[in-house]
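Biologist: Could you take a close look at one part of this model for me? I'd like to hear about a charged pair and what surrounds it.

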Amino acid sequence: MSEIITVKPDKLIERILTLELVRVTERAAVSAARLRGRGDEKAADQAAVDAMRRELNRLPIDGTIVIGEGERDKAPMLFIGEKVGNKNGPKVDIAVDPLEGTTLCAKDMPGSIAVMAMAEAGTLLAAPDLYMQKIAVGPGYPEGIIDLDAPIEDNIRNLAKAKGVEPHEINTLILDRPRHAELISRIRAMGAGIRLISDGDVAGVIFTANPEQTGIDLYVGIGAAPEGVLAAGALRCIGGQMQGRLIFDTEESRTRAASMGVTDFNKRYDMNELASGDVIVAATGVTDGGLLKGVHFGKDVITTETIVYRSATGTVRRIYAEHRELAKFFLD
């Protein structure tokens, strides 16, 4: 297995936030992929969490998990406030979803990924594991083209006008949940298209950045807050607009949020408030999907595909990797 690394400060950002971050999501993805199709969501999630924690603790950072999953659904978790890294480096915020699409992985369905974001300390939204109302579009539109508080009909009409098409030509992506029944009905009443997904709204938001290829113009609906922060970080790198609002459904969640510095419980966050600074997002495919190929186990090699976004440079890297040493560990 890999050694703990120390890196000179002037090379730290580039080293950590590219290949080293990729290794973290690669290991989480491979660990989860070994349990694809087994029908055990918690076991696959736990495998991804354990691998991600192990790799994070090898990095030369003084990191804090500021937003993650587990509390809301009692799943395995890298807990909020947990310290990671070997402390030989800068203070950074980390947002994680070690296995986005646990059900997809358990059923070996398309679209499951391991994903995380890292940025300078104090630049990622810190909040309890809550739900978030979200709306997002890709690049090329006037600022303010979407409005979280406006009727969905207005958002679709405004987007259609800016795109130079009719409202019925706008395609929206929404999580397939009972809570979205009215929203879906109103969009369909306009004649607009809807793609429903069972899980995976990080990729869903990213899909809006390339509607010619994905067929998705708009993401809207309520999903998990960690995915909102991760998606905002990615969208900052590739262009677009996003707004979100945390949903507080218990007094305990309000109390916890207040202890983390949240003072306005009805605040509408824009993309730069969800993820600011020099943010890097890395995602590795667990199962094959529209964003990434999944982990493939060969006789002597394991292959992975990872995408890495960096906001400071607007760089998007796709990394196809063949893991031979890792294959010896997992395939023996």
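Modeller: Happy to! In this predicted model, Lys-91 and Asp-62 form a salt bridge, with their closest N and O atoms 2.9 Å apart. Lys-91 belongs to strand β3 (residues 91-100) and Asp-62 to strand β1, so the bridge ties together parts that are 29 residues apart in sequence.

With Arg-53, the side chain of Glu-82 makes a polar contact of 2.7 Å.

Back to salt bridges, of which the whole structure holds 20. One of them pairs Asp-154 with Arg-157 at 3.4 Å, N to O; both residues lie in helix α4 (residues 152-163), 3 residues apart, or about one turn of the helix. Here both partners are partly exposed, Asp-154 at 34% and Arg-157 at 44%. Helix α5 (residues 181-189) has Arg-186 and Glu-182 spaced 4 residues apart, about one helical turn, and their side chains meet in a salt bridge of 4.0 Å, N to O. Arg-186 is partly exposed at 30%, whereas Glu-182 is exposed at 58%. Elsewhere, salt bridges with shared partners link Glu-20, Arg-23, Arg-27, Glu-55 and Arg-58 into one network.

How values were computed: Residues are numbered from 1 along each chain as its sequence is written. This is a predicted model: local features need pLDDT of at least 70, side-chain atom pairs count only at pLDDT 80 or more; totals for chains, interfaces and linings use all residues. Side-chain values use heavy atoms; hydrogens and water are left out. A polar contact is a pair of N or O atoms within 3.5 Å; within protein, one must be able to donate a hydrogen and the other to accept it, and residues adjacent in sequence count only if both atoms are side-chain atoms. Helices (H or I, at least four residues) and strands (E, at least two) are DSSP runs, numbered from the N terminus. Buried means under 20% relative accessible area, exposed over 50%, partly exposed in between (1.4 Å probe, protein chains only).
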